[in-house]
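Let's take a walk through this protein together. Have a look at the model first, then read on.

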Amino acid sequence: MAPLRFSANVSWLFPELPGLPERLQAAGRAGFEAAEVAWPYAEPPQALASAARAAGLRLVLINTPRGDQEKGEMGLGAVPGRQAAFREGLEQAVLYAKALGCPRIHLMAGRVPLGADRAAVKAEMETVFLENLRHAAGVLAQENLVGLLEPINTRITDPQYFLDTPQQAAAILQKVGRPNLQLQMDVFHWQIMDGNLTGNIRKFLPIVGHVQVAQVPDRGEPGSSGELDFSYLFQLLEDEGYQGFVGCEYRPQAVPSHPRAQCPPSGILLRRRSPDSGGG
């Protein structure tokens, strides 16, 4: 069994540093070999690529753009009437992924429109999502990239998010039927929405392309107090043969006396919460 590989989510970690290039450099100094970032679009792609190379890091995951933040958009994949904007954002994400050497893009589904009833718009939003995903799969295949679908819990994090359970995401992936679209498993969201992590990990791991971790319910680091036993979960992932990266996407506690304290058994490094965290 190969040991798990961890990536630093620099949208959450190293918030004491002002920008993504500095956080990438900090992740490299902290011992990470990989990093991920929710939205890299405020920085020129070549500047980020240079920072990652200098830090000895490979970028393993970015998200598609959020959309219009002033209107509260959080991705556009399933949002009716925003198909053109989703495709424009996809092209931007592909440009960044190519420049960064990043093989995976989280294709954000987006939120149920304000004032709309979730059940009433579910069928229309799924139809839009399927159309956009088929288009995305073709675009990504041309560049040898993988698209990921991440369910985000609607009980704590984002009550309006369209895609909120692994079962819903897996059913959509099956309908699309493209091998370069996979599931993104954030155990924080999965535990909140469905529990049964052992069963769900074993069931869905064959279609999982990326994993993210945080403690429940406060999204702390894996070594913090909460519902999840990460020693067990990490061992389960190893035992089941997971070969991808595990993203450190959590709110670390401030530990000023031990700034490089580790969370047994994974060796995840702790930092304080990032002010620009987000993205699933």
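Two strands count as paired if DSSP finds at least two bridges between them. Strands themselves are DSSP runs of E with at least two residues, while helices are runs of H or I with at least four, and both are numbered from the N terminus. A quick word on the background: this is a predicted model, where local features need pLDDT of at least 70, side-chain atom pairs count only at pLDDT 80 or more, and totals for chains, interfaces and linings use all residues. Residues are numbered from 1 along each chain as its sequence is written, and side-chain values use heavy atoms, with hydrogens and water left out.

Now find strand β1, residues 5-9. On one side, β1 runs parallel to strand β8 (residues 245-248), joined by 4 bridges, and S7 has G247 in β8 as its bridge partner. Strand β2 (residues 34-36) is also parallel to β1, with 3 bridges between them; here A8 stands opposite A35.

How buried is β1? Of its 5 residues, 4 are buried, so the strand is largely enclosed by the rest of the structure. Buried here means under 20% relative accessible area, with a 1.4 Å probe and protein chains only.

Zooming out, the protein has 8 helices and 10 strands in total. Buried residues make up 57% of its 280 residues. As for its extent, the C-alpha trace spans about 50 × 40 × 35 Å along the principal axes.

Note on methods:
Buried means under 20% relative accessible area, exposed over 50%, partly exposed in between (1.4 Å probe, protein chains only).
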